[in-house]
Amino acid sequence: MKIEILSKELVKPSSPTPIKLREFKLSFIDERIPHSYIPLILYYSGDNYNGINNIRVIKSSLSDALVRFYPLAGRMKGQALLDCNDQGVLYIEANADAAITDVIRSVDFDVLDELVPFKNNGYFSSARVQLAVQATSFSCGGIAIGVCISHRIADGATLSSFITHWAATARRDQPNLISPLFNSSLLFPPQNTPDFKPNFSSLSVKKPLSTKFTTKRFTFTKSSIDSLKSKVTQYSPKILHPSRIEVVTAFLWSRCAAAKGLGETHRSLAFHPVNLRGKIPSLTEYSFGNIFQMVSAESDGGGTADWVTLVAKLRAAFGRIDTDYVERLMGEKGFEMGKENFLEISKLLGLGGNIDVLRFSSYCRFAMKEADFGWGRPVWASIGSYANKDNVFLFESLEFCGGIEAWIVLDARVMERLQRDFELLRFTSSCFGC
């Protein structure tokens, strides 16, 4: 498959940002996160193909959407300040000489990387733009929209809000336009001190010496997830109403540990970000920025623990991030709590030895699957390649209603064993259309 870049330019907000809004302060949560990009690709079929007009709509509506999400068109100025100077976002147009279904069925990461503006694989980037977009037209009339947003100023929920607003702007759907809430720096004031800079030496953003990692996707249908839930309620009746995320995370955690051959003497931990929005009234669904904290759960039996017991571990970990936690995070010692929260995973990753860490990220509750720019909802969503091992990304399945797609990044040899894991294969499929 050949993908040809046709043009590159900066797209600016269609209306200038007022002078009084030019200085945007980061929160102390933002301060700890290095500038890397969160990549996402949305795929649209050619069923409602409208020629070049669809591409024009993407570009013009992007400019209009940036008026309300004006920090995305700015540039960093120091450690904790974003200059909202309307310099713009990177916008790329490209053509692919294939059908969009070819990409979806093959899942070739060399191809997926050609559909996003930056191929930085989740590591620290020297690019200065806060947002980059690539619109790729396929020979079948389909379109892929690849988006990279800087993790320095935004998380997955912010990306979801922006895409929802952008799509509503393209449809001229006034009632569904979003007004983001820019109050994170008031709730979590930036420290702007040398000891509170991003941790560039963290293994979570530092490129490893070895690149022999591989990514595979595994699909859980609603039926298979319901079966997992039933097992939890059968063997652990005290766990009421286990969620999809809890059971899928626990199950994958156990299967990855088995594929790695972890024994009882190993410490096996799972990390998950928890969204703080909705925990207190001032943090709404549309609060802009990095509004999350990391939680960890540890298996009692190392890599040999029954996955059902891990559900309780995860639930307890998720439950620690409650209203009281957020209020303390906003208190006098809040920034110390936030600093320690991010340092914990860096410390564990650096210890090595018999400590194994698996990192999860869930996109399942975000509204990106509803992103209709005027020619229907996406038929699929994906990430690009992610060459940082021991990561699991959970997406809402757009093929199976109520299902989940898990994108797993592991050492290549471990992945070979995982793909032969009988328990995993009982509950998943690894091909599109199965």
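The structure is a predicted model. The chain holds 13 helices and 15 strands. Its radius of gyration is 21 Å, close to the 22 Å that the globule rule gives for 434 residues, so the chain is as compact as a globular protein of that length.

**Overall build**

- How much of the chain is buried? Buried residues account for 58% of the 434 residues.
- Take the contacts between residues at least 6 apart in sequence: 80% of these join residues at least 24 apart.
- The accessible surface of the chain is about 18400 Å², and carbon and sulfur atoms contribute 51% of that area.

**Charges and salt bridges**

- The chain carries 50 positive and 44 negative side chains. The centres of these two sets lie 2 Å apart.
- How many salt bridges are there? The count comes to 18, and some of them are described below.

**Two bridges that reach across the sequence**

- E396 forms a salt bridge with R244, and the closest N and O atoms of this pair are 2.8 Å apart.
- E396 lies in strand β14 and R244 in helix α8 (residues 244–260), so the bridge ties together parts of the chain that are 152 residues apart in sequence.
- Is E396 buried or exposed? E396 has a relative accessibility of 13%, which is under the 20% limit, so E396 counts as buried.
- R255 pairs with D421 in another salt bridge, with 2.9 Å between the closest N and O atoms.
- This pair also links distant parts of the chain: R255 sits in helix α8, while D421 is in the loop between α12 (412–418) and α13 (422–427), 166 residues apart.
- Both R255 and D421 are buried.

- D324 and R328 form a salt bridge whose closest N and O atoms are 3.2 Å apart.
- Where do these two residues lie? Both are in helix α10 (residues 323–329), four residues apart, which is about one turn of the helix.
- D324 has 42% relative accessibility, so D324 counts as partly exposed.
- R328 also counts as partly exposed, because its relative accessibility is 42%.

**Two residues with positive phi**

- R172 is a residue other than glycine with a positive phi, near 60 degrees.
- You can find R172 in the loop between α5 (156–171) and α6 (184–187).
- With a relative accessibility of 79%, over the 50% limit, R172 counts as exposed.
- D390 is also a residue other than glycine with a positive phi, in this case near 65 degrees.
- Look for D390 in the loop between β13 (380–382) and β14 (391–396).
- D390 counts as buried because its relative accessibility is 10%.

How values were computed: Residues numbered from 1 in each chain as written. Predicted model: local features only at pLDDT ≥ 70, side-chain atom pairs only at ≥ 80, totals over all residues. Heavy atoms only, no water. Rg over C-alpha atoms; globule rule 2.2 N^0.38 Å. Buried < 20%, exposed > 50% of the residue type's maximum accessible area, 1.4 Å probe, protein only. Contact = heavy atoms within 4.5 Å. Areas by Shrake-Rupley, 256 points an atom, 1.4 Å probe, with all protein chains shown as cover. Lys, Arg positive; Asp, Glu negative; His and termini not counted. Charge placed at Lys NZ, Arg CZ, Asp CG, Glu CD. Salt bridge = Lys/Arg side-chain N within 4 Å of Asp/Glu carboxyl O.
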